[in-house]
Every structure is written in structure tokens, then in C-alpha cells.
Amino acid sequence: MTRILDERDLAFHLYEYLDTERLLQRERYAEQSREIFDATLATARRIAEERFAPHLAKGDADEPAFDGTSVTLIAETKPAWDALAEAGFLNAHWDADEGGLQLPQVVHSAAVTWFNAANVATTAYSWLTVGAANLLRTFGTAELKARFLAPMGDGRFAGTMALTEPAQGSALGDIRTIAEPQADGTYRVRGQKMFISGGDQNLTANIVHMVLARIKGAPTGVKGISLFLVPKVLVNADGKLGERNDVALAGLLHKMGWRNTTSTVLSFGEKHGAVGYLLGEAGKGLAHMFQMMNEARINVGLCAAAIAYRGYLLALDYARERAQGRLPSCKDPSTPQVRLIEHADVRRLLLAQKAVAEGALAMSLYGASLAEDQHTHPDRAARETAALLLDILTPVIKSWPSRYGCLANDHAIQVLGGSGYTREYLAEQLYRDQRLNPIHEGAEAIHALDLLGRKAVMQGGAAYKVFRAAVDSTLGEAARFDSTRALGTVFTTPLARLDAVTAQLAALLATDPDRALANASVYLDAFGRIVAAWIWLKQALAAERGLANRPADADFYRGKLQAARYYVTWELPATLPQFDLLAEVNNVPLDMRDGWF
Ligand SMILES: Cc1cc2nc3c(=O)[nH]c(=O)nc-3n(C[C@H](O)[C@H](O)[C@H](O)COP(=O)(O)OP(=O)(O)OC[C@H]3O[C@@H](n4cnc5c(N)ncnc54)[C@H](O)[C@@H]3O)c2cc1C
């Protein structure tokens, strides 16, 4: 098996670029140590390589089957789920008194990256369960927690997020599923949900669906939406499984990738109404669900990074082995052929993949580290700053790794040439798996609207200002080394243009939101490139420090510096024509008419 992730690089991200060991000063982590973090990563790697990676292709070829009564997954899935759960990866971040290992979020996220790189489709059941259990921890009553939380933490029950309906995807404010209050305080839920990942499977005794529905008579729009816990099987007060709830699998969807994750159409309440329990406040369902959605968005960034990473390593190994052709300067056919990696254009394709894979991992783990600071930083002002920064970066962490992850996996296919297009190699499956990421957890255009229409302008631009201050602080540090100082100068014009365009579009938003937001996806892309370049500058700074302290690792650090140089000099300036379009509020797509197509 080729490598699925680079252990050395993961350690760089955690300890050199993010300085995760600083968390050991916090009271919550007094019992933790670097050794525990490393052992956690090593366990994740072992289980990922032994239990998840070997069935990646099989899970793609043998899709889950539904015989009208039950769903069957390939046999390898259950032992993988059990191993992950038994090792504590469903509740590792919970407090010790909840039965967890009290690990920092960012260490948990880094560990999960091994599973995502090994087999994203099998791993998806776990992160859905983690997100659903976290919702229950935050919004559940003591009674609900007593019934459902422990089995979700140890893998007896799994979780889902059930938002999308056949007629409502991006526009969640219009969902139609109805919940009718009952005298006993429960609700009867009726409606159909579509695309629900893990909505049925044969891995766990029960499935806990987190369902968005409208309480009968509630107002239209977002204010009428509430959050419900709807189990597949009811659980009695003593914790034992009771009757089957009125939740039925209407069918499985057949997908381009992630095939070993079931994609289900679920019917709630076709007979007498599915029993549901309100979580949190009525009418605040979407706001509550944002906790799970925001966690999932960072996780999509991590998934995209992991899939891009695996494709990159596959292409790198292939390019180092296969000999083909000679350099342009060599005219002698009797000389041996060179390896692919010696061709400048193959190196370009590899460097572009390295920039995306390691950049996306750094960006997503930075998001996980901000989530950590938001909750556990001892200083209140620092918690608030982390929360604002995470808020504005979340649409970027979801979107940049997803969009450019697709490009990276496309490049991996290209490096393998004809072999990349065959099913004998994993490059084509990785590309298909990656293609989901710009769609689920909010399609890319929705994140673009969120970034420009809300996050960049909210609270008088408070989050934007925090973001800009963070970038300026890194640029200040960059002056310490020749290499990073040179890269820092490339930021001057794109940042000035970003500031100007953001102010201009913020003003236009108030008077003409349709025009202001018409090119939001261009804004998201330009913003994403700036964030990615900034993240690479932070990595370059860590690499310079590493070069000084660990000369034996010079090749590793020089590789980081070259990838930073690539991203900042090749990709960051590509924002300038994007800012031209944004500044002139170019109307070409907006003015195109249906009848002209
Ligand atoms: C494999 C898979 C797994 C999924 N898992 C889950 C899950 O577990 N739970 C769950 O609830 N959902 C899940 N989904 C659903 C997913 O979140 C939706 O597919 C996604 O939100 C888009 O909704 P839609 O498919 O209805 O597309 P639509 O909303 O119809 O959008 C179609 C296109 O139009 C664009 N568009 C829509 N509205 C706007 C707008 N206002 N401005 C500009 N462009 C717009 C979108 O960007 C998109 O490109 C999953 C989907 C897939 C494919």
C-alpha cells in the first residue's frame, strides 16, 4: 500500500506550525502530554491503515444494498467502525466525567485525518455521530442525554443530520417537515428527508437522527424551524431498546463517490408519526443546528485535505518510479530515460498538489485550533477573537480545500497519465470522492453569499478586522527572515484590493444586494486564495524556525519553503484580475437572460 498521509508533516502541523503543546498549560489538559497526543495519532494511523484503507476500493465497487427491509454494507465496514469506536475516537474530546478522554479538539481532528485519508466513506459514519452527539450534549435535557449519549459515545448508536428535503436543499428556511406536539411533551414528526448520510446501515443497533422540522402552526421561514432528536428505535427509560419508531428507509441513492456511506431518502411518520424530542428552544432549530454544521464544515475541509493528500502521495510515488522521455536539453536517444519527476511540468503538477494538500490541512487544523481556543482559552478576549476569526474563516475552510482539492486530485490523475484514468489505480476514485466536497454541507455558492453577505460585514466588519489584524501580524513576523520577507511583499497589493473591494461591496449591499452579491463566488475565491497564501506564510515561518533548530530535516523544511513560494508567487497574484471584476461590479453573468441561453 502506498502512503496515505505523511506522519512527519502531521507532526509539523500540530507542533511547529500550530504549537499545540501550548494547550498543555490549560487546566482542562493538565493530565495530557505530548506523549498522549502522539500515541493517539499512532493509534489512529494503525486502525486507519489496518481497518479502513484496505476496503476503500471495495466499498466503491460494492455499493450498500437495500432489499426493501434492511441495508447491507460490505462486511469490512463493521470491524472498522468497531475499532474506531473501541479506541475512543467517537468521544475522545468529551470531558472525562462524560466518559471521554478530554483530548483537545485539534488533536482529535488531526487523528481523524488518518481515517479520512484511508477511507472517507467509511469514516463519515463516525463524524456524523460525533456531531450529532455534540448537539445532544449542548441542547439535550438530562433525561435525553441519559438515554442516548453514552451509546453514541461508545459506538452502539450512530447519528445523522437530517436537514435536506426533496424540494429543499440550499434554502433550508423553506423546509416542510412538520412536528406536532403531544400531551406527553414529545412530538410526532412527519415528512421526507433526502440525501441523509448514514440514514440507515447495519453497523449499529440504533440511529439518532437530528431532524429540522417546523412545529405545527410555526411561522414560515427560519424562525419557524426547530430541532428534534428522532431515533430509529425508541429507547425506554431504563436505556433498553424499545419499539421501532415510525422512520422508514424509502430508498438508497447511488452516487459518484463516497459509496460506502449510505445516502438515504427517509420517510418520517408515514404510519402514526415518528416520535421526536425537541432539542433546545422551539424556533431556534437552525441556529442550534449550526453548531453541527459548523463542525461539519471544518471536517469537510479536513476530508478534502486528506483526499488531496492521498492523491498527491500516490502521484509522487508514481512520478518517482516511472521513467519516461528525456529532458529537452538531451538529444541522445541512447541515454536512459528520466523519471517523470525530473520533467519540469510534472514537478509543477506535484508542487500544485503539495500546495493544496498541505495548505488545506494547515487551514483546516487552524480552524480546529480556533474552535479549541474559542472554548478553552483562559482569556475571555482571546476566546472572543478566536470565535470571530473562526466565524469569518469557516466558509473559506469549507470551500477552498474542496474546490482546490478537486484540482489537486485532477492533477494526480494527470501525473499518472493513462493509468490515472483506469480503475487499476486509486487516483480516479479519489477524484470522484473529492467531488462531493464543494456540494455537501452547503454548496459553494451558499458559502460565498455567507462570506460576503454576512461574515465580512457583520458587527460593522468586526470579524473582517480581526482577520486582517491576524494577517498583518504574520506579515510583521515575516520580516524576520529573508525568504518570508520577500513573500510578504507579494501580499501588499492583493490585501489593499481586498480591503477596498470589501468596503465597496459592503456599501452596495445596503442599497442593491442582488448586484453586490452577484459575484460573491469570485469574492470567495479571491478571499480563499489570500487565506491560503497567509496560511502558507505561517508554514514558511515555522519552516524557517525548523531549519535553524533541526538542520537534519533540511529537505523537509526546504520543501515547505518552496511550496510557500509557489503558492504566494503563482496563485496569490491571480486575485488581481478577480478584484478588477469585483471592483467594476461586472454585470455580465447577472445580465444574462434565461432566453439567451
Ligand atoms: C452525498 C451527499 C451527502 C449528503 N449528506 C447530507 C446529510 O447527511 N444531511 C443533509 O441534510 N443533507 C445532506 N446532503 C444534501 C446537501 O447538503 C445538499 O445537496 C446541498 O445542500 C445542496 O442542496 P440541493 O442538492 O438541493 O441543491 P440546490 O439547493 O438545488 O442547489 C443547486 C445549485 O444551485 C445553487 N444555488 C442554490 N441556491 C442558490 C442561491 N441562493 N444563490 C446562488 N446559487 C444557488 C447551488 O450552489 C447549487 O450549485 C448530502 C448531499 C450529497 C450529494
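Ala, Val, Leu, Ile, Met, Phe, Trp, Tyr, Cys and Pro count here as nonpolar, Asp, Glu, Lys and Arg as charged, and the others, Gly among them, as polar. By that division, the shell around the ligand holds eleven nonpolar, five polar and two charged residues. The structure is a predicted model, in which local features need pLDDT of at least 70, side-chain atom pairs count only at pLDDT 80 or more, and totals for chains, interfaces and linings use all residues. Residues are numbered from 1 along each chain as its sequence is written, and side-chain values use heavy atoms, with hydrogens and water left out.

A residue is near a molecule if one of its heavy atoms lies within 4 Å of it. Among the 18 residues around the ligand, those that come nearest are Met161, Thr164, Ser170, Phe195 and Ser197. Polar contacts (pairs of N or O atoms within 3.5 Å) can be followed atom by atom. A nitrogen atom of the ligand lies 2.7 Å from an N or O atom in the side chain of Thr164. The backbone also takes part: a polar backbone atom of Leu163 is 2.9 Å from an oxygen atom of the ligand, and a backbone N or O atom of Phe195 is 2.9 Å from a ligand nitrogen atom. On its own the ligand has 960 Å² of accessible area, of which the protein covers 62%; such areas come from the Shrake-Rupley method with a 1.4 Å probe. Strand S3 (157-162), strand S5 (187-197) and helix H12 (444-455) each give two or more residues to the shell. Helices (H or I, at least four residues) and strands (E, at least two) are DSSP runs, numbered from the N terminus.

The interior comes next. A nonpolar core is a set of buried Ala, Val, Leu, Ile, Met, Phe, Trp, Tyr and Cys residues joined through side-chain atoms within 4.5 Å, where buried means under 20% relative accessible area (1.4 Å probe, protein chains only). The largest such core has 149 residues, of which Leu393, Phe467, Tyr523, Phe527 and Trp534 touch the most other members. Helix H17 (residues 520-549) supplies its largest share, 17 residues. Apart from this core lies another, of 30 residues, including Leu128 and Leu212.

Ser126, in helix H6 (residues 120-139), is buried because its relative accessibility is 6%. Beyond its neighbours within four places in sequence, Ser126 is in contact (heavy atoms within 4.5 Å) with Trp81, Leu84 and Leu90.

Conventions. A polar contact is a pair of N or O atoms within 3.5 Å; within protein, one must be able to donate a hydrogen and the other to accept it, and residues adjacent in sequence count only if both atoms are side-chain atoms. Buried means under 20% relative accessible area, exposed over 50%, partly exposed in between (1.4 Å probe, protein chains only).
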